Amino acid sequence: MLQDIFISLTTLALLGLLMLPRVRGARAWHATVTPLASIIGSGFLVLGPILSHSYGQYAPMMMLFLCLAAYAFGAAIRFNIANIAVRPNRSAPERRTEYFASWALSLAYCISVAYYLNLFGAFAVKMTPLNSPAMAKAVTSAVLLLILAVGWLRGFSAMEKMEQVAVSLKLAIIGGLLAGLSAYFFHQADQSQLTFAAPSQTGWTGMALAFGLIITVQGFETSRYLGDEYKPEMRIRSMRYAQWLATAIYMAYVILLTYAFDAKTVPLTETAIVDMMKIVSVILPALLIVAALSAQFSAAIADTSGAGGLVEELSGGRVSPRMAYLMLVLIGLGLTWFSNVFQIISFASKAFAYYYALQCGIASVGAFREAKAPVRGAAFALFGILAVAVLFFGQPVEGTASSAAG
């Protein structure tokens, strides 16, 4: 009971703080919200159980690797933001590479929407009598069709205004989750019951699995496309702030979860975190369902809108946003019924890795030829090689996804 009160008060206090006009109106925070919402969106809830199941006591090290890899890719994109601001007249090869990178990003958005909404479907039916793979897929399909109808008939401007409220709610619930986990962790430590499990994935297999999880720390690149609202310096800062804060949250979460629980006592599904948190608190499972639904829906709306705008721009207006929404929904329905969530995570990681590889290539060329910074150019080239490795070698998690195909 005391722990439930502690979690509730922490959540409400954080929500109140984040909803203060002074906080909501702060320009730096407003710019940081968009990339932060993407980074610690749906990936936050699935990543902890995946890492603790797969890497045991070494899960925090793998979490750190993922965050460092994401920061490396972010460094290349931040360089491109600054370089374009100083040298807007770019070479033809750079413009062509940027063109292909934008198409890669639009495809990545299509896959990530399927990922978000498959998680939405799984969490939506999790604590109901209708909890089954078929019902999870049916809910996902219905939401995809709803998004198509809204985008086709009215656009997403009204829904996009909900983003900051959804992000504040999600961050507050994550704060409550960390508070509950901390209390449980220290209780386990006091009873000498912390867990140091052996990894089930090691060597190259373990690394290939990590490559397939890049999407769970993806989202920082959205700062790259806030040019109509913020100057380059603010976009660069917003990405750094978002990645620093997300890394701190992820590391605390994975450390607490890994050593406080024997993850192998709970089947690895996309909603495993709900089953694990039943041990910690009566109210946490319900709060996590609320966080998951708000996070997935708002992220899906943002990426659907982004994909539509990108496709219209890249096609020179030949493909309207409405047609882009239709293509996105068709891709989403196909992935929903013929793949499981863990496979979609791997597909999305590969799509974003292709985008990051191209951005690293642009940054490397810019550093060598324009900024005259060969060390940075070589570093960006290495980051690009890492992204290519993710693209070719990333493997999906072998879990028992509740919405698995078949």
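Modeller: Let us begin with two helices: H5 and helix H15 (residues 341-369) pack with their axes 9 Å apart, at an angle of about 50 degrees. Helices (H or I, at least four residues) and strands (E, at least two) are DSSP runs, numbered from the N terminus. Axes are lines fitted to C-alpha atoms, for helices over the stretch in contact, and angles run from 0 to 180 degrees between N-to-C directions. This is a predicted model, in which local features need pLDDT of at least 70 and side-chain atom pairs count only at pLDDT 80 or more, while totals for chains, interfaces and linings use all residues. Residues are numbered from 1 along each chain as its sequence is written, and side-chain values use heavy atoms, with hydrogens and water left out.

Biologist: What does that angle make H5 relative to H15?

Modeller: The angle makes H5 oblique to H15. Angles under 35 degrees count as roughly parallel, over 145 as roughly antiparallel, 65 to 115 as roughly perpendicular and the rest as oblique.

Biologist: Is the crossing of H5 and H15 left-handed or right-handed?

Modeller: H5 passes H15 in a left-handed crossing. A crossing is left-handed if the near helix is turned anticlockwise from the far one by less than a right angle, and right-handed if clockwise.

Biologist: Which residues make the contact?

Modeller: From H5, they include Phe 73, Ile 77 and Asn 80, and from H15, Tyr 355, Gln 359 and Ala 363 are among them. Contact means heavy atoms within 4.5 Å. By class, the contact of H5 with H15 has 10 nonpolar, 4 polar and no charged residues. Here Ala, Val, Leu, Ile, Met, Phe, Trp, Tyr, Cys and Pro count as nonpolar, Asp, Glu, Lys and Arg as charged, and the others, Gly among them, as polar.

Biologist: Is Asn 80 buried or exposed?

Modeller: Asn 80 is buried, with a relative accessible area of 2%. Buried means under 20% relative accessible area, exposed over 50%, and partly exposed in between (1.4 Å probe, protein chains only). Leaving aside residues up to four places away in sequence, Asn 80 touches Gln 359, Ile 362 and Ala 363.

Biologist: Let us look at another pair. How do H10 and H16 pack?

Modeller: The axes of H10 and helix H16 (residues 374-393) are 8 Å apart, and the angle is about 100 degrees. The two helices are therefore roughly perpendicular to each other. H10 contributes Trp 204, Ala 208 and Phe 211 to the contact, and H16 contributes Leu 386, Ala 389, Val 390 and Phe 393. These residues divide into 7 nonpolar, no polar and no charged.

Biologist: And what about H13 and H14?

Modeller: The axes of helix H13 (residues 284-314) and helix H14 (residues 321-338) come within 8 Å and cross at roughly 125 degrees. That makes H13 oblique to H14, and their crossing is right-handed. The contact of H13 with H14 has 6 nonpolar, 3 polar and 1 charged among its residues.

Biologist: Now for charges. How many salt bridges are there in the whole structure?

Modeller: A search of the whole structure finds 3 salt bridges. A salt bridge is a side-chain nitrogen of Lys or Arg within 4 Å of a carboxyl oxygen of Asp or Glu. One of them joins the side chains of Arg 224 and Glu 98 (3.0 Å, N to O). Arg 224 lies in the loop between helix H10 (203-211) and helix H11 (232-260) and Glu 98 in helix H6 (residues 92-126), so the pair ties together parts that are 126 residues apart in sequence.

Biologist: Are Arg 224 and Glu 98 buried or exposed?

Modeller: Arg 224 is buried at 12% relative accessible area, and Glu 98 also counts as buried, at 10%.

Biologist: Which residues does Asp 275 pair with?

Modeller: The side chains of Lys 126 and Asp 275 meet in a salt bridge (3.0 Å, N to O). Lys 126 in helix H6 and Asp 275 in helix H12 (residues 272-277) are 149 residues apart. Asp 275 also forms a salt bridge with Lys 278, where the closest N and O atoms are 3.5 Å apart. Through shared partners, Lys 126, Asp 275 and Lys 278 are joined into one network.
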